[in-house]
Amino acid sequence: MTADVGGGRPAAAAPSSSPFAIELKGISKSFGPVQANKDVNIAVPKGTIHGIIGENGAGKSTLMSILYGFYKADAGEIFVNGKLTAIPDSQSAIRAGIGMVFQHFKLVQNFTVLENVVLGAEDGALLRPSLAKARKTLQDLAQEYELDVDPDALVEDLSVGHQQRVEILKALYRQAEILILDEPTGVLTPAEADHLFRILKGLRDQGKTVILITHKLREIMEATDNVSVMRRGTMVGTVKTAQTSPEELAELMVGRKVLLEVEKQPAHPGKVVLSVQDLRVMDEIGVERLKGVSFEIRAGEILGIAGVAGNGQSELLAALGGIQPATGTVMMNGAALPLSGHDANGRTRREAGIAHVPEDRQMLGLIMDFTAWENTAFGYHNEPKYQKNALLMDNDAIRSDTERKMATFDVRPPIPTLAAKNFSGGNQQKIVVAREIESDPDLLLVGQPTRGVDIGAIEFIHKQIVALRDAGKAILLVSVELDEIMSLSDRIAVMFDGRLMGFRDPETTNERELGLLMAGVSGDAA
Amino acid sequence: MDYATFLQVLDTTLRLSTPLLLACLAGLYSERAGIFDIGLEGKMLMAAMSAGAVSYLTGSVWIGLLAAIAGSLLFAVVHGLASITFRGNQLISGVALNFVASGITVLIAQSLFGQGGRTPPLDGAARFNPITLPLADQIAGVPIIGPFYSEVISGHTFLVYVGLLMVPLSWWVLYRTRFGLRLRAVGENPASVDTAGISVVRLRYTAVLITGILCGLAGAYMSTGLQAGFGKEMTAGRGYIALAALIFAKWRPWYCLWATLLFGFFQAIALRPDVIENTIGISIPVPALDALPYILTVVVLAGLVGKAIPPRAGGEPYVKER
């Protein structure tokens, strides 16, 4: 271990002879019939950034929750700095020098940064001395690790990137020597993510140990020293990052060869399907979210909209999907679409040939307590093929239709009577995508098609989108995953602050250029 | 309205505001911790009956006060079990406890005393008597301030002053202590408290028990301070008015004081139709005046007083997530 950085920290973090900060031996954990972790072994060397990668549901988060005392393992032992340590609750984990930055931040929104940092680590029954001490410590930490945050700002006023820094500061304030980050970059811009990795490397160089949980191969390659791969609750291997490749990791994760690049032929754009002129959206509190957006999409073309979440992409999809009132002109196959009022709704959009895979499938795409076949009928329940007679729906027809779609789209398990909530994220998404693509639209609006979806399913969904394009349909793809935009799109538009910052050709642009546009720098169109 | 009458109304306002204030602050602790408590009414009723009965039986209002707190705490524990331990619906638990209190108080009083569900009248040491504050008589002659001090401020019972002192105390606890920080945090985002290694369950129970104690004081005041003995349904919806005041006060201690004083003021003028008639020149029927605090409650609950943002985790049982 390098020099004792902070001085005077708890005994558990004192220098010891073990080369490992964390060793987990034979960890198993079940939730009912589901075995989330099966005899997992891992050793994390001190002073390294250690990646843990795996698909959704591979058991990464469960493993780390056990380490942080959130769950109790059914079997297995935890060694911290070579010492057998019982971690029955989070307090014990904190005492052992372990800090955790959760994917969904555990911050009190209407507290100041300082109050959030101090919460649970107060020095006495009165607040003032604690707050004063924390203010001093935060200044030191800010200088040491590029972790600047205004201590008196309310958390709800901070950007997501800054909120994440508060989470890291919380852990460091508790003198964490081992920092676990769960999917930390999901909500960050590329620049913010780079800054985060700089911070993490700084922490490592000061002798701290960082565990980075992610499903993004690029981040593993970029930021880690070693990487452990999990698949279906088991640890399938640990390798040095420098000696592996994204392809090898993907294969380890999924258990078979995976195409990371989407295979597609050059596009053959046809006639203009959708033409959008000066589209504007005002939200309910009177803030303009979409500030005059214009573009066209042709048949047989995928237009990708890149951007950091919250820059108007959701409103664009909602306006085009008939969910949110807007102003401007939108022509679909030469006919104007109603943008506000009674006729602007999902049904008229479907009749106009627009299908919509919404960003938030659990809120807008599915009713989670309803069965797969019921969900398959939603929006298309008036179609003649689903009617038995003037009064009754033909549920058998819907069920058999659902079975067919489930087979085509490889939904697992292929049981139409299972409730939507009982499918994994990827399979839920396949149900939605199957419903929308099978409606044979002229235009597909698709938002975050692979959010929370595992690699195998991502590959499948991407193929379906490309196949739809090759069938001569127009596709508007909105995603915060730059990789996805780059590999799927035929043209890329970058959105920032409610405007399109410009169009780029995926063949000639690069992540750096797009990243700058996403941050609002050097736009060439208003 | 002359100054003396005005002071009388203020004096009555303070007396009538006290049970509302104690109940309002009681609700503040629970709701700030994320546990909605619609059962303030039931706890007050239980406490009022306990205080009335035990004060009469022992002859000591202090023992009666302890009994009131115990009675109220019993209900608080049940609410805690239902909403914290068993993660039940907090509104249903509160409503159920109100029904239970409404029935059981009369049942116990009737079986103990056989006076139609009331407790026998209290006097002497079995009730809280007015306290004359120091110098009240001496400065009574000073113009304006003198009568205000001796008439309005002085001459109330013990629990009135407890209620008033609870306001700055609650503010201090909430905003200046570690416990307060954690209490506010657990009502906003219990996961933040849990991941910081603090027990959400213990914090919430503590808050619910404080609510029980304060409701105990509020109920005891009803039967041993404001009146002399317990009567059927004597709280008359004060628990709900306190809840409305809490929303009006946006869950802040000082605002609780102002809000309950306002409700108390309406109750006070309802008792003085003569004053109103003299002041505005129109005779308003007494039932209409009696209804005023309740009408104000409805107005407040209808959200006509601006946006009140409740603690964000309020009403939601805490379940650990992955």
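# Strands, helices and a chain contact in a predicted model

In β10(A), Met235(A) is the bridge partner of Met230(A). This is a predicted model, in which local features need pLDDT of at least 70, side-chain atom pairs count only at pLDDT 80 or more, and totals for chains, interfaces and linings use all residues. Residues are numbered from 1 along each chain as its sequence is written, while chains are lettered from A and ligands numbered from 1 in the order in which they are written.

- Strand β9 (residues 226–231) and strand β10 (residues 234–240) of chain A pair in the antiparallel sense, over six bridges.
- Strands (E, at least two residues) and helices (H or I, at least four) are DSSP runs, numbered from the N terminus; two strands pair if DSSP finds at least two bridges between them.
- Two residues separate the strands of this hairpin, and Arg232(A) has a positive phi near 45°.

**Six-stranded sheet of chain A**

- The sheet is open, with mixed pairing and the order β16-β17-β18-β13-β19-β20.
- β16 (354–357) and β20 (499–504) of chain A are the edge strands; each has a single partner strand, so one side of each lacks a neighbour in the sheet.
- From one strand to the next, the twist averages 20°.
- β20(A) pairs with strand β19 (residues 491–496) of chain A in the antiparallel sense over five bridges.
- Leu500(A) in β20(A) stands opposite Met495(A).
- Helix α17 (residues 511–518) of chain A lies across β13 (301–306), β19 and β20, at about 35° to β19(A).
- Axes are lines fitted to C-alpha atoms, for helices over the stretch in contact; angles run from 0 to 180 degrees between N-to-C directions.

**Helix pair in chain B**

- The axes of α10 (residues 238–248) and α13 (residues 286–301) of chain B come within 9 Å and cross at roughly 45°.
- That makes α10(B) oblique to α13(B) (under 35 degrees is roughly parallel, over 145 roughly antiparallel, 65 to 115 roughly perpendicular, the rest oblique).
- Tyr240(B), Ile241(B), Ala244(B), Ile247(B) and Phe248(B) of α10(B) meet Pro293(B), Thr297(B), Val300(B) and Leu301(B) of α13(B).
- Contact requires C-beta atoms, placed from the backbone, within 7 Å.
- The residues of this helix contact are eight nonpolar, one polar and no charged.
- Ala, Val, Leu, Ile, Met, Phe, Trp, Tyr, Cys and Pro count as nonpolar, Asp, Glu, Lys and Arg as charged, and the others, Gly among them, as polar.

**Contact of chains A and B**

- Chain A gives 24 residues to the contact and chain B gives 18 residues.
- On the side of chain A that touches chain B, α1 (60–67) and α2 (90–95) of chain A are the elements that give two or more residues.
- That side has 11 nonpolar, nine polar and four charged residues.

Notes. Contact = placed C-beta atoms within 7 Å.
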